[in-house]
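Hi,

Here is the structure I promised to pass on.

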Amino acid sequence: MTAQLMTGGEVVAHAMAQIDPDVVPVYPITPQTPIIQHFAKLVADGRAATEIVNVESEHSAMSAAIGSALAGARTITATSSQGLALMAEVVYIAAAMRAPVVVAVGNRALSGPINIHCDHSDSMLVRDSGVIQLFAENVQEAYDAMLLAVRLAERSDVLLPVFVCQDGFTITHSAEPVELLDDETVRAFIGDYTLPMPLLDVERPTSKGPFAMPDYYFELRHQQVQAMACALPAIDELGWELARLTGRPFSAIEPYRLDDAERAFICLGSTAGLVKDVVDELRDAGERFGLLRICSFRPFPEAAVADALAGVSEAIVLDRAEAPGARAPLYADVAASLFGADLELRGHVYGLGGRELHPDDVHEIAEGRCGLYVGLRGASWPA
Amino acid sequence: MARLKMLAANEHGTPPLGAGHSLCQGCGIPIVVRTVLDAIPGKKVVVNATGCLEVATTRFPTTAWNVPWMHVAFENAAAVAAGVESAQRALRRRGLAGEEATIVVFAGDGGTYDIGLQALSGALERGHRLVFCCYDNEAYMNTGVQRSGATPFGASTTTSPTGSVGLGKLQERKDMTEIAAAHHVPYVAQATASHWHDLALKAERAAAADGPAFLNVLSDCPVGWGHEPRRFKEILDAAVETRFWPLYEIADGEHRLTYQPQDYVPIDSWLRGQKRFAHLLEPEHAELVRHIQARVDADWERLLAVSS
C-alpha cells in the first residue's frame, strides 16, 4: 500500500480508473469537474478502457447512465448542485428501474443565489429518490467509499444507484495523504459486473421501464423500500470486507468517543473532522462529549443511531442544509430515530453556501450560546 | 433491399411489436414501428420516449414487445439510447457482447421537436450509431391533442383552439428534418406511414449508416386530426401529393427526392377531411389557406433547388 498526497477529485478519478467502468457519461460542473478531468486524462493515458460519453447536460448524463447500466455495462457518473437538480427527475427513475449506477457527488449549495461552495442541499433534494447516499469525511474515505459503492450498487438484493458524497472544495479540491490499494486488489474486490436480465440480451428480450397503473405502481415502488432495507446491513458487510484490505473501518455510522459520552454531536461529511478536534478539546477540559457521524444518510441507520445515542443526555444535530418551513433534514431523521428516548435534542443549521464553521462556533454550540443558525448575521447586515 | 415478402417474413412467428397493444384504430404509429423494425436486418434494441407508443404497448405486467425495449422518460430517449449504444460498444470492445444490435429510438414529435430536442441534438453531434425515428403526428396526442413545435400553421388543437376569435395555431412548424441534417449526420430522411416501401428503404439505409440517422415520419392521428380511422392512407397520401410533406432523404449531405408528385395538387386536398383544419375552409379564411399554400410552394422550390 502506498501513501500519496491527493485531492478528493484526484482520488475519485484514480478509484474510477482502477474500477475501469465500461461507460462514464458525464457533464462538467464545479466542484465536481476535477473528477472528470482527471479521469479523462487517465483514460487518455491508457489507464482505463472506459467509454466516456461527454453528454450535453446532467439530465442526459443520468439518462445515458441508466441506458448503459441496464444494457449491461458498469457505469459511473459524477455531478454537483445544479447538475444534480437537473438530473433529479431521472435520479428517481434510475432508482425505480434499479440501475446500479455509482455517482460521485461534490456537494455544493443549490441556487439561488448561485454559489459554488459546499452545503448539502443538493443531496437533500434527492433525499427521497430511492438512491443510496454515503457521505465521506475526507479524501481517504472518498476513495474507500467509491470502491465499496460499486459492490453495494451491484448486489442482486440491492441494485440501486449509490451516491458517494464528498464536500465540495473541502474534499474535492483539498490535498491529503491517502493510501491507495493496488490495481489488482481493487479488481479482485469489485469483481465482474453481472446484471440480471440486461437489455442487450436480444435472445431473451425484456421490456424495461413499463407503464404501471394503480393496480401495480404501489408494489413496484415498494420494492425500492425492500432494496434499501437490504442495503443497510450490506454496507457494514462490505465495509468489513474492504477493511480487511485497507485496515480502515467503513460502516453506516461512525461513533467517536461516544462510549461514556454525556452529550453528542451528530453530523455528516467533512465537518466531522473539525468536530472531532473540538470533542478532544472538550474532553481535555473534562466535558464528556462525543460525536456520531452519519456515513450512510440513505439508507438512514435509524436503529444504530438510537443505539449509539442511548447513553447520552443531550444530542446536538448539525445540519448543512435548510428545509424552509420544517426542521432541517438530518435533525428530522435523528429526531425520528430517538422518538421516545429520554434525552434533550437540539439542532443547528450551519455552513450554507460554503460559510465556514470554526472550532469556536462548535464550542459556542457546546456551551449553549449559539442560536439555531450558526454564524447567521442579524438584521443589521451588510453594515 | 426491402421487399414486401421480407417485411412479411419478419412479421411471422414473433413480430418485433406483437398484437395486444392498445393503440387506436387508424393510428399510424404501429405501421411506422413495424415497417421500420421489419426493414432493419439483424438484431434490434428499441428505446422509446414517453408517449402513445410507450403507454399503449407496455401496461405492466403486459408487454407487446418481442425485442428488447426500454423507456425512461419523455425528453431523454436519445440520451438513453446513447448510453445503450456506448454500453454495447464498450462491451463489444472487451469481448463481452456478441453481434451488434441496431439501436432504434421511437419518439413522437413532442419527444423529438420540443422537449427531446436537446438530448437528440447532443446524440447526433456525438455521432452515436443509432436510428432515431420520430413518429410525427403533429401535436401532443397522448395528453389530449395539445399544440407542439410540429403542429402546422392553422391547425386547431386543445391549446390552440378555434373560437369566435381563435384561428388555431398561428405559428409555423419547425423544420425538424433540416435541423437534424444541420448536425452533419450521415443519413436523414423524411417519410410517411402511408408509403411503406419508401419508409422501409429509408429505415434500411438509416440502419446501414455509419453514425446517427434520423427518420422523420408523418404519422396520422385519427383523434387529433379528426378523421375516420379507415381514411388514414388517403389523408397521408394527400400530405405527400400536395407537397406539404415531401418524401426525401439527405445522405452524406446530398438531398434527394425519393418521390416526386406528377401533378400540382392544391393544399385544400390535405386540409379537407381533417376536423383540425375545418375552420380554414370557411370562405372568410381563404387568406390563411393562401398563406399555407405559399409556404408549401416556397419550401418545395427550395427543396427542388438543393435536390438531385
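Before the helix packing, a word on axes: they are lines fitted to C-alpha atoms, for helices over the stretch in contact, and angles run from 0 to 180 degrees between N-to-C directions. Please also keep in mind that this is a predicted model.

The crossing of α1(A) past α2(A) is right-handed. On the α1(A) side the contact is made by A:Gly9, A:Glu10, A:Val12, A:Ala13, A:Met16 and A:Ala17, and they meet A:Pro34, A:Ile35, A:His38, A:Phe39 and A:Leu42 in α2(A). By class, the residues of this contact are eight nonpolar, two polar and one charged.

Next, the sheet. Which order do the five strands of the open sheet in chain A follow? Reading across, they run β10-β12-β11-β14-β15, and the pairing is mixed. The edges are taken by β10 (253–256) and β15 (344–349) of chain A; each has a single partner strand, so one side of each is left without a neighbour in the sheet. From one strand to the next, the twist averages 20°. The partner of β10(A) is strand β12 (residues 289–294) of chain A, joined to β10(A) by four bridges in an antiparallel arrangement. In that pair, A:Ile253 is found opposite A:Ile294 of β12(A). Helix α11 (residues 329–337) of chain A packs on the sheet and touches β11 (263–267), β12, β14 (314–319) and β15 of chain A, with its direction at about 150° to that of β14(A).

Finally, the two chains. How many residues does each chain bring to the contact? Chain A brings 36 residues and chain B brings 39. Among the elements of chain A that each supply at least two residues to its side are β2 (23–26), β3 (51–54) and α4 (81–96), while α3(A) gives the most, with 10 residues. The side of chain A that touches chain B is made up of 21 nonpolar, 10 polar and five charged residues.

Notes:
Residues are numbered from 1 along each chain as its sequence is written. Chains are lettered from A and ligands numbered from 1 in the order in which they are written. This is a predicted model: local features need pLDDT of at least 70, side-chain atom pairs count only at pLDDT 80 or more; totals for chains, interfaces and linings use all residues. Two strands pair if DSSP finds at least two bridges between them. Two residues are in contact if their C-beta atoms, placed from the backbone, lie within 7 Å. Ala, Val, Leu, Ile, Met, Phe, Trp, Tyr, Cys and Pro count as nonpolar, Asp, Glu, Lys and Arg as charged, and the others, Gly among them, as polar. A crossing is left-handed if the near helix is turned anticlockwise from the far one by less than a right angle, and right-handed if clockwise.
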